[in-house]
Amino acid sequence: MRLVVTGAAGFIGSHLCDRLLAAGHEVVGIDGYVPFYPREMKERNLAGARTSSKFQLHETLIEKAKNLESILEGSAAVYHLAAQAGVRASWGDDFAGYVEHNVLGTQKLLEAAANAKVPRLIYASSSSVYGDVNELPLREGMALSPVSPYGVTKLAAEHLVHLYGKANALSVTSLRFFTVYGPRQRPDMAFHRFLKAVRDSQPITLYGDGEQTRDFTFIADLVDVLECSLVQGRPGLVYNVGGGQRISVLKVLEAIASVTGREVRIDRQEGQKGDMRDTLADTAQAARDLGFIPKTPLATGLKAEWEWICS
Ligand code: NAD
Ligand code: UGA
């Protein structure tokens, strides 16, 4: 199949491109190299994909693209992963970028997908759409009340995706990813920062009391479910994708000490505005419709990211 991946040069997008190419698909990547982190890292992410004759990359911001419809024409599906990510950086003046890339970019892509008669679109939504609720695990049907401006833009885009799905012959699925980690993880994210600090014998920065919890998801498990969602899943539904258990940041630091065999020194900083306190995905719906079962234990996933950080 000819498949489009937006955000192809990013952490998750590049892994998805590798997987789709390995499965024999033709992959058309779109990435505007948003300067949230260095271009060299994104070029390294794409090094494998670029060796394939079945891969091409369009370097453009979606919202600025002139020829989006022609890029999409003839594609069996679009994976929409392009976004300005990062929860804690989404306040203040930087919010404009979140609106442009996440909301305006998504609407432009949806118009083009509908006009180009692309039959299927899979959207990378986020656990950040939930916000702080008193009940865990987080279920897809719960009321949504994001606590970060980033979460607001991811939710707005999710609404747009489902609205365009209903209004057109476009089968849409949103997957709400829960804090993804592994090789190529973005440099603003916790595990990347922690492992790099440990490698360089520096203290790690801990925000808040460290008792906040996350349902961390290993990249290969996420890519498994992304691949399945090409042909499985009920059109119009939203699915949580999480690692299967929640763990506190303090416990993560213990796991890092054990995996790396190094001392972990902590520099405590204030809790950050926009951070959810706890996340845990109810993945029953994804298990039922997409056959999703997270397989990677935290220690295994951390080891893989540690080896990548040290390489
Ligand atoms: P990333 O920053 O590594 O990748 C995103 C890529 O999209 C970047 O290469 C960037 O240049 C590109 N991009 C951004 N806006 C664009 C636009 N308007 N037009 C063209 N290219 C654009 O981020 P990631 O961690 O790989 O996240 C991928 C997706 O998954 C995002 O939509 C993010 O919101 C979502 N998500 C990520 C996580 C996580 O834990 N990493 C969790 C939940 C949801
Ligand atoms: C992650 C991604 O960055 C978002 O793009 C994504 O949308 C979100 O997951 C999601 O699941 O929807 P976050 O959970 O904040 O966001 O992921 P991390 O950066 O890995 O942070 C995890 C925890 O570690 C947070 O509580 C954070 O405050 C803490 N942290 C992070 C630190 O204590 N120190 C750091 O240096 C970085």
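α1 (11-22), β5 (120-126) and α6 (149-167) each supply at least two residues of the shell around ligand 1. The model discussed here is predicted.

Q: Which element gives the most to the shell around ligand 1?
A: That element is β5, which contributes 3 residues.

Q: What makes the approach of K154 to ligand 1 a polar contact?
A: A polar contact requires a pair of N or O atoms within 3.5 Å. A polar side-chain atom of K154 is 2.8 Å from an oxygen atom of ligand 1, so the pair meets the cut-off. The protein buries 98% of the 830 Å² that ligand 1 exposes when taken alone.

Q: How do you know that the backbone of I12 makes a polar contact with ligand 1?
A: The limit is again 3.5 Å between N or O atoms. A polar backbone atom of I12 lies 2.9 Å from an oxygen atom of the ligand, and therefore the pair qualifies.

Q: Why is Y33 called buried?
A: Buried means under 20% relative accessible area. Y33 has a relative accessible area of 9%, so the term applies. Y33 is located in the loop between β2 (26-31) and α2 (39-45), and its phi is positive, about 45°, although Y33 is not a glycine. A polar backbone atom of Y33 is 3.4 Å from an oxygen atom of ligand 1.

Q: Why does R184 count as buried?
A: The cut-off is under 20%. R184 has 17% relative accessibility and therefore counts as buried. This residue belongs to the loop between β7 (180-181) and α7. Phi of R184 is near 75°, a positive value in a residue other than glycine.

Q: Which elements each supply at least two residues of the shell around ligand 2?
A: They are α7 (190-199) and β8 (204-207). By class, this shell has 11 nonpolar, 7 polar and 5 charged residues.

Key: Residues numbered from 1 in each chain as written. Chains lettered and ligands numbered in written order. Predicted model: local features only at pLDDT ≥ 70, side-chain atom pairs only at ≥ 80, totals over all residues. Heavy atoms only, no water. Polar contact = N/O pair within 3.5 Å; in protein donor to acceptor, adjacent residues only side chain to side chain. Areas by Shrake-Rupley, 256 points an atom, 1.4 Å probe, with all protein chains shown as cover. Helix = DSSP H or I, 4+ residues; strand = E, 2+ residues; numbered from the N terminus. Nonpolar A, V, L, I, M, F, W, Y, C, P; charged D, E, K, R; others polar. Buried < 20%, exposed > 50% of the residue type's maximum accessible area, 1.4 Å probe, protein only.
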